[in-house]
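Subject: Structure handover

Hi,

Here is the structure for you to look over. My notes on it follow below.

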Amino acid sequence: MIEIPESTVISRQAETILIDKQIVDVVQASSPHRFTWYSGDPILYRNLLVGHRVEALAGHGSFIDILLDGNVRISISDGVNMKFYPAIEKYPVKHQLLILFEDKSFLAFTVSMYGAIYVYNGAIDNFYYQNSLQRLSPLDETFNKTYFEHIFTSVKKDMSIKALLATEQRIPGLGNGVLQDILFNAGIHPKRKISTISDLQKEDLFHSLKVTLRSMINNGGRNTEKDFYGNFGGYKCLLSRNTYKNPCPNCGGTIVKEAYLGGTIYYCRECQSEK
Ligand SMILES: [Zn+2]
């Protein structure tokens, strides 16, 4: 899934490879997929893209943008896998869009569960996309303690910390995936009510948010997700589907796995206090 580390890492990797490449052909989805969302009719993507050259890549929230000349953009959301193939390789059997460059290298976009592949000229009117562009990212300097505090006071009812940080797109690209290690490093239980979190713990959480995301990016993304070349990232998630059967990396206790608010949470009862 694309969360903040992946949109940052993949866009950087992709930029070094794709910059200045010119699109010469577009191949429609080889296998229709019910939960792939396009902007308009994807049959028209060919007319929009052919002849255009890649100028830059940008990652934000859970989106990656390929910026082409003539103000044309390709934007992919969380759930879409974008993989680069050198000229010698064969097209993958299944894809939801394939873009061929003049040097015969190509990009294949695949969707496993759900995801959006938008191609458009100018801007796109989509809440999630615009929200992702407009809100501050925890990677920004301007996302400071005052702004973090503002997120806490922006909600009226007493909700859990997972609900606050990883739902409703208050922090675009902070999803259930990266949340697990952020909360573990801060010693906070995912179901902890925000009214019970002290100012000191909020400072720890703010610090953990910044440091954990930075570490994920510096290590090339999480080891549960694939990068632009199809390799897993180098950041070893402390709590994930790969590690929850191992003892807690801090106290050696048992890690609990639970479904909560539309995603699987992992936590240590000893190290992450719920009260
Ligand atoms: Zn523990």
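**Two domains**

The C-alpha centres of domain 1 and domain 2 are 28 Å apart. The assignment puts domain 1 at 4–134 and domain 2 at 145–268; such bounds come from an automatic or database domain assignment. Between the two, 21 residues of domain 1 are in contact with 18 residues of domain 2. Contact means heavy atoms within 4.5 Å.

This is a predicted model, in which local features need pLDDT of at least 70 and side-chain atom pairs count only at pLDDT 80 or more, while totals for chains, interfaces and linings use all residues. Residues are numbered from 1 along each chain as its sequence is written, and side-chain values use heavy atoms, with hydrogens and water left out.

**Helix 1 and helix 7**

Helix 1 (residues 4–18) packs on helix 7 (residues 199–218) at about 30 degrees, with the axes 9 Å apart. Axes are lines fitted to C-alpha atoms, for helices over the stretch in contact, and angles run from 0 to 180 degrees between N-to-C directions. Helices (H or I, at least four residues) and strands (E, at least two) are DSSP runs, numbered from the N terminus.

From helix 1, the contact uses Ile-4, Pro-5, Thr-8, Val-9 and Arg-12; helix 7 brings Leu-213, Arg-214, Met-216 and Ile-217. By class, that is six nonpolar, one polar and two charged residues. Ala, Val, Leu, Ile, Met, Phe, Trp, Tyr, Cys and Pro count as nonpolar, Asp, Glu, Lys and Arg as charged, and the others, Gly among them, as polar.

**Glu-55**

Glu-55 sits in strand 3 (residues 54–60). Its C-alpha atom is 6.1 Å from that of Asp-69, 14 residues away along the chain. Beyond neighbours within four places in sequence, Glu-55 touches Ile-19, Leu-67, Leu-68 and Asp-69.

**Lining across the domains**

Which residues line the largest cavity? They are Glu-6, Val-9, Ile-10, Gly-220, Gly-221, Arg-222, Glu-225, Lys-226, Asp-227 and Gly-233. A cavity is a set of points on a 1 Å grid over the protein atoms alone where a 1.4 Å probe fits but cannot get out; lining residues have an atom within 4 Å of a point. Two of the lining residues are nonpolar, three polar and five charged. Domain 1 and domain 2 each supply at least three.

Definitions and conventions: 1 Å grid on protein atoms, 1.4 Å probe; cavity = no way out; pocket = protein on both sides within 12 Å on 5 of 7 lines; lining within 4 Å.
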